[in-house]
Amino acid sequence: MIKLYEGGVFLLNGEVILEDGPMGCMVGNFLRSNGDVADKYEARKGTMAYSILEAHNTSGNMEKLKIKFDALASHDITYVGIIQTARASGLEKFPIPYVLTNCHNSLCAVGGTINEDDHLFGLSCAKRYGGIYVPAHQAVIHQYMREMQSGVGRMILGSDSHTRYGALGTMAIGEGGPELVKQLLNKTYDVDMPGVIGVYLTGEPVKGVGPQDVALAIIGAVFKNGYVKNKVMEFVGDGISKLSMDYRNGIDVMTTETTCLSSVWMTDDKTKEWYITHGRPDMYREQRPKDVAYYDGMIYVDLSKIRPMIAMPFHPSNVYTIEELNANLDDIIAEVEKSGASQLESDTVKFTLRDKIKEGRLFVEQGVIAGCAGGTYENICDARDIIKGHSIGDGEFALSVYPSSQPVFLSLVENGAIGDIMVSGATVRSAFCGPCFGAGDVPANNCLSIRHSTRNFPNREGSKITNGQIASVALMDARSIAATAVNKGRLTAATELDFEFTSPKYFFNKTVYDNRCYDGWGKPDPSVELKFGPNITDWPAMSALTDDMLIKVVSVITDPVTTTDELIPSGETSSYRSNPLGLAEFTLSRKDPAYVGRAKEVQKAEKARLAGEDPVSALSELKEVYDKIDTVYEELDIATTGIGSTIYAVKPGDGSAREQAASCQKVLGGWANIASEYATKRYRSNLINWGMLPFILEEGIPFENGDYIFVPGVKDAIKNKVSEMPAFIIGKEVKPFTLKMGDLTDDEREIILAGCLINYYR
């Protein structure tokens, strides 16, 4: 089904794969003799990714990239903080198209008026600074960007981790908000030249296998081994021509769950037709690798062998074929329960799926087809063809369908799909990302939901362990969700049923957007007053890095991976993303509820220091800590020693790009993270942009929760590009150890020294 090559490969004429080795050397010698290419290092330039990055790089050095993007995108969880940061740093107008969508905080009920207050703020910003504003329920962010901003060879930066438009020939990257701030201030996105991994698709999917099935199979093969981490996935092969554009988009958007940096695909006549359909034929050109291209690895996917897949709780990589699950139900459920309980680490709830087994089959209580992954036109049409003429029943099982945009919704209404779905008993909603992060269709306690959406992390569906609640999500394709609905909740692969796909033609009606969306790109109006609601607050003042640093460990997380959802929960917290102090109260609330109180206690001491007072007066335990430091460091100056908190996590930052996973720690007095490694580049970047040091600790954990860590000379170490810093654990005894930093760009060092990106630009 899927093969991973152990080393690099040459791709010849987009068809022939030769492993880097004796045969690869022969290829290199042949090419050298023909004067076409010198060696594999030259052949790296043959990838599509290299050409796109080269066209957008402003550094003149392809090893150290400084990228300027063609467009930006944010939704209503992130754009307020981004614009507030940019305003504090001197923003006058948007220098490139910046799209503000309203697809996350669309439900204007949580917290009173605050969601809609954010929307009015966004519209006023679009008018003042020259942006594009997409009102609530018009489109989910990524569908709008596909329809209106993608283009072959373009690059787009979004403040959402699923910013992926590679199937349309666009390299797109999801990052934390501060990276968008840099673009708004005419700065660059700085990154080392990423590796490029080829994804060779061949064959043709069997009927009933959808894009989510292919995506989950790939994620299962590459996530745990880090095969594509922070690299670009480049899709090639003869199998691409067998896939529709919606199918390609459905695979592409899920590449985020592999932890890759970005993605890009070959283009063809189907891509051209897609751009023509959407009224933007000028955005198309043929794009393919050069005759010789070198990849750092290759994922070989035989589409004909993919079968309907299911990602069991609690990660998109926890994959099985549905056939395998049904055949080994007891064993797999026991395995999932064991791993799930380990991830939850809760005495409050008991995670079980065994009660879902009835007469040897697994039954679920809910199905959802939604968002940038599930809500596409073709997914919903195919689901309609499976469910048409059937009833989902009057029992516990419910099915909800969310078209990804109003133009998609309109075409589904016109071809009758919406009516057929509604008659079955399913409900149809407007464009909304809520089911993907716990703000819509939250299941009942102890229920299992199957979803064609992007993630199934613990509690991401909206349940709260701290309130004694637990529900869970399994990811599946829309076709198998519809097949399960036909059987009234009995888990069923679409390949088990007999049906025919009608594949009605899609008609994109741009008038839907013309009549409702505000397009102010290139037309800023400084006379427009911004509209602030009472929940929109400025960032609190943050101090610069001090000469020495004293940080207390206030949380130790030993899970193999810690997601951003666990660092700052999604769902109900979304309404407070415009209020840094209010949002910070939720930090680690589902993973370590005591964290906020511990961090605030330490912060009292730092506030006292900044006020010129003795920190011991605010935190008495510091007297003993200072005395112990004096035994190993004679030059301690309390006035120039910053006091803060830190957390340890084995591998933090998987999942969402949300900057608040870092900024909330900073607001509570966090100075650093300590990790074995960082799950994604974007989380590490978020830490840096909020002035927090991303320490690396390669050996075991030498400290305990509650210990202090003293890092002398930290300011000079950052200035002088020192990669290893001597430090001391101040616990029951004083123990020296070493913290590592990893590579930092010159700008990143300056940001850390300044205390955060806002300070740096100010």
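**Exercise 1. Which two strands form a hairpin with three residues between them?**

The model is predicted: local features require pLDDT of at least 70, side-chain atom pairs count only at pLDDT 80 or more, and totals for chains, interfaces and linings use all residues. Residues are numbered from 1 along each chain as its sequence is written, and side-chain values use heavy atoms, with hydrogens and water left out.

Step 1. Helices (H or I, at least four residues) and strands (E, at least two) are DSSP runs, numbered from the N terminus. Two strands pair if DSSP finds at least two bridges between them.

Step 2. Strand E34 covers residues 734-740 and is joined to E33 by seven bridges, the two running antiparallel. Within this pair, Ile-730 stands opposite Val-734 in E34.

Step 3. The hairpin is therefore formed by E33 and E34, with three residues between them.

Step 4. E33 also pairs with strand E32 (residues 708-711), in the antiparallel sense and over three bridges. Here Ile-709 stands opposite Ile-729 in E33.

Step 5. Buried means under 20% relative accessible area, exposed over 50%, and partly exposed in between (1.4 Å probe, protein chains only). By this rule, strand E33 (residues 724-730) is mostly covered, as five of its seven residues are buried.

**Exercise 2. Determine the strand order of the six-strand open sheet and state which helices lie on it.**

Step 1. The order is E9-E8-E5-E6-E7-E25, and the pairing is mixed. Strand E9 (171-174) and strand E25 (518-519) are the edge strands, each pairing on one side only.

Step 2. Strand E6 (residues 98-101) pairs with strand E7 (residues 132-134) in the parallel sense, over three bridges. Leu-100 stands opposite Tyr-133 in E7.

Step 3. Contact means heavy atoms within 4.5 Å. Axes are lines fitted to C-alpha atoms, for helices over the stretch in contact, and angles run from 0 to 180 degrees between N-to-C directions.

Step 4. Helix H6 (residues 141-148) lies across strand E5 (71-74), E6, E7 and strand E8 (155-158), and runs at about 155° to E5. Helix H7 (residues 177-184) packs on the sheet as well, touching E5, E6 and E8, and its direction makes about 145° with that of E5.

Step 5. H6 is mostly covered, with eight of its eight residues buried; among them are His-142, Arg-146 and Glu-147.

**Exercise 3. Describe the three-strand open sheet that contains E2.**

Step 1. The strands stand in the order E3-E2-E14, with antiparallel pairing. The edges are strand E3 (16-19) and strand E14 (292-295), each of which pairs on one side only.

Step 2. From one strand to the next, the twist averages 25°.

Step 3. Strand E2 (residues 9-12) is joined to E3 by four bridges, and these strands run antiparallel. Val-9 stands opposite Glu-19 in E3.

**Exercise 4. What is the packing geometry of helices H9 and H10?**

Step 1. Two packed helices are described by the angle between their axes and the distance between the axes.

Step 2. Helix H9 (residues 245-253) and helix H10 (residues 269-277) pack at about 100°, with axes 10 Å apart.

Step 3. Angles under 35 degrees count as roughly parallel, over 145 as roughly antiparallel, 65 to 115 as roughly perpendicular and the rest as oblique. H9 is therefore roughly perpendicular to H10.

Step 4. Met-245, Arg-248 and Asn-249 in H9 meet Lys-270, Thr-271 and Trp-274 in H10. By class, this contact has two nonpolar, two polar and two charged residues. Ala, Val, Leu, Ile, Met, Phe, Trp, Tyr, Cys and Pro count as nonpolar, Asp, Glu, Lys and Arg as charged, and the others, Gly among them, as polar.

**Exercise 5. Is Gly-389 buried or exposed?**

Step 1. Gly-389 lies in the loop between helix H14 (377-387) and strand E21 (398-401).

Step 2. Its relative accessible area is 78%, so Gly-389 is exposed.

Step 3. The C-alpha atoms of Gly-389 and Ser-424 are separated by 6.9 Å, while the two residues are 35 residues apart along the chain.
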